[in-house]
Amino acid sequence: MTRLNRAMRTASTLALAVGLAVPALAGGYQVETLVPGSAFHGVHGLATDDAGHIYAGSVIGQQLYRVDAATGDVAVEIPAPQGMADDLVIGPDGTLAWTAFLLGDLYARGADGQIKTLASGLPGINSLAYSPDGRLFATQVFLGDALYEIDTRGEKPARKIMEGMGGLNGFQFGPDGKLYGPLWFKGQVVRIDVDSGDIEVIAEGFKVPAAVNLDSRGNIWVVDTARGQLVRISPDGQSKEVVAQLSTSLDNLAIDGQDRIFVSNMADNGIQEVDPATGAVRQVVKGSLSMPGGLALVAEDGQETLYLADGFAFRTVDVATGQVSDIARMQADHLEYPFSARANADHVLLSSWFTGTVQVMNRKTGESLHLLHGFAAPQDAVELADGSLLVTELATGKLLHVSGPEGETREAVTEGLILPVGMVLDGQGAVFVTEAGAGTLSRIDLETGARTPIVEGLKGPEGLDRGPDGRLVLAEVGAKQVIAVDPESAEVTVLATDLPIGMSAAAGMPPSYVPTGIAVGQDGTVYVTSDLENAIYRLSPR
């Protein structure tokens, strides 16, 4: 038996030990809401109108929303896929313009209601604003670092003005015609003459400034996403004051005609109003989760806890109460947009196809122990008894064995998998893998790399776990159902159907965009994430 097989058998035996003498799973499950859903799928750019509306963008959700600032009621203003908006702005003539970060497009909707593309081919197109004379400017951030002038008629290509600024994120023009904005990677707020290219530092000392806006009195308002602070800088730049301490993972802000300040929080799926005079905070709208993906369940001292990869946060969920607790949040903590999660007694493994990372977290302290980069869209990872990892790569179709002090040794166990997503140990020197592209649940022998299909013809199988009776429970996302599969007989049982799962992926993104997570408790209860509703559902045997 190989070293890898021995590690597999030990790890799988430990994982199954907790399920001894537990009732078997059965069909006909009752579906209940454990954690309620929310309107957004991560909320980013904001804009306001004179009618008391807030317009909010979502990249992953690919929708642009209209929010009633007084009641918090949310409606879809522009549906997917054209509604994808990282930032948005309302022009002097009422034109609504926004940036589709993942697509590299900039859209505008005029007074006639027609939507047209003003610019394309700009990956990471992020922030935008109109100048006082009606010109439109936009920046690339994260997937680029440049400032462009955009033709408002969409007839000419974007004109690059400068690059290498340091992450010019949410910005606005002042009455002086200068651009005021934050440099994300430099911790500075700057003033830019877009015609001469001159850059002047107004204030610094921020940890991660994400957005800048000006009020009617010339005060400069800044959100520091890493510290969760709303900061006011005097018009002359001589004083800087923290007006409100908010939660971290702030994204953007907007100031309306009454100088009311609205701030978005991507981890909370929320928008808050902050009184600029007192710092008092009113929650306009908020969700419990941001973008729930992979799930993992650990039982300890008679209590079961879910570990959730929540896109903009890493969280736990108490299965008895549905209480959600933060372990880490984007920008404030060492975290890289987690989409999938696996857990054992000591560690939680988080995977992100977006950043190509696998992260090993201390399960009890929440400390990040290892952050491994350079994977080709990793979709899932499990830890073996010797500390090495198995990682599925969506982009290459490989199952990798990853070892070494920094995960530097990466050997293919097998290749040719078609969009591998979920993975679970089998206890017999192999792993089970869902192949979303092939519609297959397969068993892969870790010694030979041989792939044996168990069930074929499935519709988009994603999240996968093993129940206490040994059956495999998986999300068949294309059929919007959860099924159980006997790995010996290949018998399939539908546990629940008509579930709100299966968000359509943005163009060019993995089909398993936000993977549907599955975790099974000791009594056979199944937990499933809903990417459509940002919720977690509990499937209980009747």
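The paragraphs below lead from the whole chain to a few of its strands and loops.

This is a predicted model, in which local features need pLDDT of at least 70 and side-chain atom pairs count only at pLDDT 80 or more, whereas totals for chains, interfaces and linings use all residues. Residues are numbered from 1 along each chain as its sequence is written, and side-chain values use heavy atoms, with hydrogens and water left out.

The chain has one helix and 48 strands, where helices (H or I, at least four residues) and strands (E, at least two) are DSSP runs numbered from the N terminus. Its radius of gyration is 24 Å, close to the 24 Å that the globule rule gives for 542 residues, so the chain is as compact as a globular protein of that length; the radius is taken over C-alpha atoms, and the rule is 2.2 Å times the number of residues to the power 0.38. Along the principal axes, the C-alpha trace spans about 70 × 45 × 45 Å.

Of the 542 residues, 60% are buried, a term that stands for under 20% relative accessible area, with exposed meaning over 50% and partly exposed in between (1.4 Å probe, protein chains only). Among the contacts (heavy atoms within 4.5 Å) with a separation of 6 or more, 44% are between residues 24 or more positions apart. The chain carries 37 positive and 67 negative side chains, and the centres of the two sets lie 1 Å apart; here Lys and Arg count as positive and Asp and Glu as negative, while His and the chain ends are not counted, and the place of a charge is NZ of Lys, CZ of Arg, CG of Asp or CD of Glu.

Strands of a sheet pair through backbone hydrogen bonds, either parallel or antiparallel, and two strands are said to pair here if DSSP finds at least two bridges between them. Strand β27 (residues 303–309) pairs with β28 in the antiparallel sense over five bridges, and Leu306 stands opposite Val317 in β28. These two strands form a hairpin with three residues between them, and Gly311 in the turn has a positive phi of about 70°. Five bridges also join β28 to strand β29 (residues 324–329), again running antiparallel, with Thr316 opposite Ser325 in β29. The hairpin of β28 and β29 has five residues between its strands, and Gly322 in that turn has a positive phi of about 80°.

Elsewhere, an open sheet of four strands has the order β14-β15-β16-β17, with antiparallel pairing. Its edge strands are β14 and β17 (199–204), each of which pairs on one side only. Strand β15 (residues 179–183) and strand β16 (residues 188–192) pair over five bridges, and Pro182 has Val189 in β16 as its bridge partner.

Asn169 is buried, with a relative accessible area of 5%, and, leaving aside neighbours within four places in sequence, Asn169 is in contact with Asn126, Ser127, Val141, Phe142, Pro182, Trp184 and Ala210. Ser489, in the loop between β44 (481–485) and β45 (492–496), counts as partly exposed at 46% relative accessibility. The C-alpha atoms of Ser489 and Val455 are separated by 9.8 Å, although these residues are 34 residues apart along the chain.
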